Amino acid sequence: MSGNAKYSILFEPVKIGPVTAPNRFYQVPHCCGMGHVRPQAHAAMRAMKAEGGWGVVSTEECEIHPSSDLSPYAEQRLWDEHDIPALRLMTDAVHAKGALAAVELVHNGNHAANMLTRAPILAPSDMSVDFAYPKQARAMDKSDIREFRRWHRAAARRAKQAGFDVIYVYAGHHMSLPHHFLLPQFNDRSDEYGGSLENRARLIRELLEETHEEVGDTCAVAFRFAVDEMQGIDGMQAHEEGRAVVEMFAEIPDLWDVNVSDWSNDSATTRFQPNDGYQIPYIDFVKQVTTKPVVAVGRLTSPDMMLSLVKRGVVDFIGAARPSIADPFLPQKIKDGCIDEIRECIGCNICVSSDNLGVPIRCTQNPTMGEEWRRGWHPEKIAPKGSQEQALVIGAGPAGLECAMQLAKRGYQVTLAEARKEAGGRVLAESHLHGLGAWKRVADHRIYDLQQRANVQMFMQSNLTAKDVLELDIPNVFVATGASWRRDGIGRSSHKPLKIADSMQILTPDDIIAGKMPENGPVVIYDDDQIYIGGVLAEHLAAAGHKVIFMTPASMVSPWTELTLEQKRIQKSLIELGVTIHTNQELAAITSAGCKLACTYSGQAQDIQCGTVLLVTERIRHSALYDTLKAGKTAFNTLELIGDAAAPGLIADAVYAGHMAARNFEEDPQKVAQQLFKREVVSLQ
Ligand code: ADP
Ligand code: SF4
């Protein structure tokens with residue numbers, strides 16, 4: 001075997017019922033904002049995982065019937081035979097790369113509002129839908145249950161026709177009917193589908209048996225089951241009813257795919273769950289109860305942890321959603337002994353946010369994610385250089401680092417200049433804040449790569465001026481000089497500077513990152529940015545013992561983080577840290593004694609006394625160097641402004657911008673200017 005024999009056990013084939021996975025790397029079902037809406041993009045993205053060595057590659061949720069309509073979210077569909085060809089694209093593409101294809105059949109019960117189909121919403125008992133939507137679900141009667149079982153069976157048949165090897169019954173994330181029937185919080189029935197655990201689990205037994213009957217001759221039947229609701233005694237617990245369910249069905253499925261519920265617990269961010277492998281204590285009993293193969297997840301990125309989990313008999317398969325998104329070639333890199341080259345997931349959930357927005361998946365660490373089909377990007381391959389020889393990249397934040405790394409991969413002589421002592425820019429800076437330590441991996445991965453390359457020169461403490469740049473005499477210049485936080489109050493709510501008394505200490509996020517602390521308390525954090533950094537700083541200062549008052553024009557703390565499944569945790573954490581929270585408040589002025597506020601709805605005024613104000617509003621682009629170079633007499637072959645210096649955004653946006661600039665360098669300028677990519681246009685037949 002090539003590469004690292006130490007990990008050879010991870011590359012053993014494993015039998016799953018009637019099929020055999022080529023190795024132990026299992027991409028579990030994960031959403032991607034592509035679904036039935038973008039089938040070609042979906043097939044190419046999944047195929048990339050197979051190419052990178054994942055032995056099993058799964059779809060996201062796949063709706064089995066119009067009464068499980070997740071619109072406007074873009075998930076998979078197998079409502080009838082018309083949906084088969086789109087999924088065939090995926091199974092063919094995955095098979096062509098030597099992996100098995102799995103499909104997660106789902107009926108979402110009251111988690112689907114059926115906004116497109118307007119079908120009745122179904123649940124074990126009468127209840128509201130799981131969205132702020134003005135419709136309730138109705139309790140299923142016996143004939144509804146019979147119909148549901150028939151739909152599931154028919155969808156399994158269609159899945160087999162579409163070429164899937166592994167077909168799921170899904171009871172997880174609080175998102176599916178079988179899970180709803182199982183959990184007393186959803187099920188108050190008094191018939192044979194309610195009451196005792198055996199009754200609540202009856203539907204699962206029926207689905208498992210019927211799926212086996214329908215497709216089990218050639219397809220494996222997987223059961224995805226959340227063993228713990230993470231609600232303590234108020235919910236299902238792994239070592240209580242969770243274990244009882246595994247004991248009840250131990251040998252019925254061909255594979256156990258076990259995790260914790262709800263989605264925010266399963267896909268916990270590093271901010272709130274810093275430990276990779278955090279789900280293991282919940283699922284480690286499963287293999288003692290069943291002889292069938294077990295797959296588990298929980299940000300499993302370390303090959304040594306993977307090895308240990310398999311050797312200790314905790315799992316048979318290394319499950320991954322996010323680690324496979326951050327690095328589709330993770331298995332191949334382990335096989336080749338290139339472990340240092342793995343792009344480790346940072347647990348930021350930007351991938352999750354795109355699904356929640358119904359747009360194609362993106363990833364902070366892997367800028368090619370979601371671009372496999374529409375732009376033809378490959379995570380490990382990039383076109384060799386053209387006729388130009390040299391490139392200068394100014395600024396070693398996420399944009400500059402990614403740009404320099406990709407240019408170096410293309411074969412240019414790359415000079416990377418950074419003003420500070422250490423490379424990393426905002427990634428390094430933000431990683432010093434409470435809960436964000438893992439984000440440093442974005443810089444570490446790229447710095448390591450650059451250090452290995454003979455065609456890269458990195459200069460730290462090199463704050464380049466326009467004169468310096470001209471003296472370097474490099475014809476291709478990429479300016480990634482970043483942005484800094486404003487100090488004048490201009491932001492989302494106010495496009496004019498605020499009135500600020502000279503005697504009040506005003507801080508910005510950059511000051512806190514640089515180690516400056518409030519001199520007088522309490523400190524008001526005014527979060528007009530409303531993304532994530534305001535909430536992080538509130539935690540950071542409160543944890544350091546400061547009395548914090550958090551003020552925002554939004555109606556909740558860090559509203560954007562609902563998309564990363566963190567908002568409730570953030571607000572809870574602030575409350576527990578004793579932070580005073582004022583929502584729906586705009587900052588009108590800062591006096592020597594405190595803040596003058598106005599209610600965002602009524603304008604009603606309020607004064608808050610404080611000793612320091614931390615303004616989290618907007619960022620100012622550092623484009624001066626670029627502007628000077630552009631206005632000067634020297635004509636560069638390429639002069640491009642990228643990342644936060646061009647448009648402040650997420651770290652993911654900066655990495656993407658750096659990657660795009662490196663890919664576009666020496667491309668046809670007209671093609672670049674058009675900024676078009678392949679689109680899946682609706683057929684008018
Ligand atoms: P981005 O997110 O776009 O990568 P960052 O703010 O994270 O932006 O990084 C910008 C980096 O550029 C910072 O590390 C900063 O120190 C560096 N920088 C800014 N101006 C210069 C300059 N004139 N010369 C060299 N480095 C610079
Ligand atoms: Fe991991 Fe963040 Fe990428 Fe998602 S977006 S896979 S959490 S690095």
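Is Glu-666 buried, exposed or partly exposed, and what is its relative accessibility?

A: Happy to take you there! Please keep in mind that this is a predicted model. Glu-666 has a relative accessibility of 32% and therefore counts as partly exposed, since that class lies between the limits of 20% and 50%. To find Glu-666, go to the loop between α23 (651-664) and α24 (669-674). Its backbone deserves a glance too: Glu-666 is not a glycine, yet its phi is positive, at about 70°.

You will find Arg-118 in the loop between β6 (100-106) and β7 (122-123). With a relative accessible area of 69%, Arg-118 is exposed, because it is over the limit of 50%.

Staying with the loops, two prolines follow a cis peptide bond. One such bond runs from Ser-71 to Pro-72, with omega near 10°, and Pro-72 belongs to the loop between β4 (56-63) and β5 (76-77). Gly-521 and Pro-522 are joined by a cis peptide bond as well, with omega of about -15°. Pro-522 sits in the loop between α19 (509-513) and β22.

From the loops, let us turn to the aromatic rings. The count of aromatic pairs comes to 13. One of them joins Tyr-26 and Phe-317, whose ring centres are 5.4 Å apart with 70° between the planes, an edge-to-face arrangement. This pair links distant parts of the chain, as Tyr-26 is in strand β3 (residues 25-27) and Phe-317 in strand β14 (residues 317-320), 291 residues apart. Tyr-26 is buried, with a relative accessible area of 0%, and Phe-317 is buried with a value of 0%.

Another pair is formed by Phe-225 and Trp-256: their ring centres are 6.4 Å apart and their planes meet at 65°, so the pair is edge-to-face. Here strand β11 (residues 220-228) provides Phe-225 and strand β12 (residues 255-260) provides Trp-256, linking parts of the chain 31 residues apart. Both of these residues, Phe-225 and Trp-256, are buried. They belong to one aromatic cluster together with Phe-223 and Phe-249.

Arg-374 lies over the face of Phe-677, 4.1 Å from the ring centre, and Arg-619 lies over the face of Trp-485, at 5.3 Å from the ring centre.

Our last stop is ligand 2. The space that ligand 2 takes is the second largest cavity. Among the residues around ligand 2 are Arg-322, Cys-345, Gly-347, Asn-349, Cys-351 and Thr-364. Two helices, α12 (322-326) and α14 (350-357), each supply at least two residues of this shell, and α12 gives the largest share, three residues. By type, the shell around ligand 2 has eight nonpolar residues, three polar and one charged.

Notes:
Residues are numbered from 1 along each chain as its sequence is written. Chains are lettered from A and ligands numbered from 1 in the order in which they are written. This is a predicted model: local features need pLDDT of at least 70, side-chain atom pairs count only at pLDDT 80 or more; totals for chains, interfaces and linings use all residues. Side-chain values use heavy atoms; hydrogens and water are left out. Rings of Phe, Tyr and Trp (its six-membered ring) pair if their centres lie within 6.5 Å; planes under 30 degrees apart count as stacked, over 60 as edge-to-face and the rest as tilted. Helices (H or I, at least four residues) and strands (E, at least two) are DSSP runs, numbered from the N terminus. Buried means under 20% relative accessible area, exposed over 50%, partly exposed in between (1.4 Å probe, protein chains only). A charge sits over a ring if NZ of Lys or CZ of Arg is within 6 Å of the ring centre and within 35 degrees of the ring normal. A residue is near a molecule or strand if one of its heavy atoms lies within 4 Å of it. On a 1 Å grid over the protein atoms alone, a cavity is a set of points where a 1.4 Å probe fits but cannot get out, and a pocket is an open set with protein on both sides within 12 Å along at least five of seven lines; lining residues have an atom within 4 Å of a point. A molecule sits in a cavity or pocket if more than half of its atoms lie within 2 Å of its grid points. Ala, Val, Leu, Ile, Met, Phe, Trp, Tyr, Cys and Pro count as nonpolar, Asp, Glu, Lys and Arg as charged, and the others, Gly among them, as polar.
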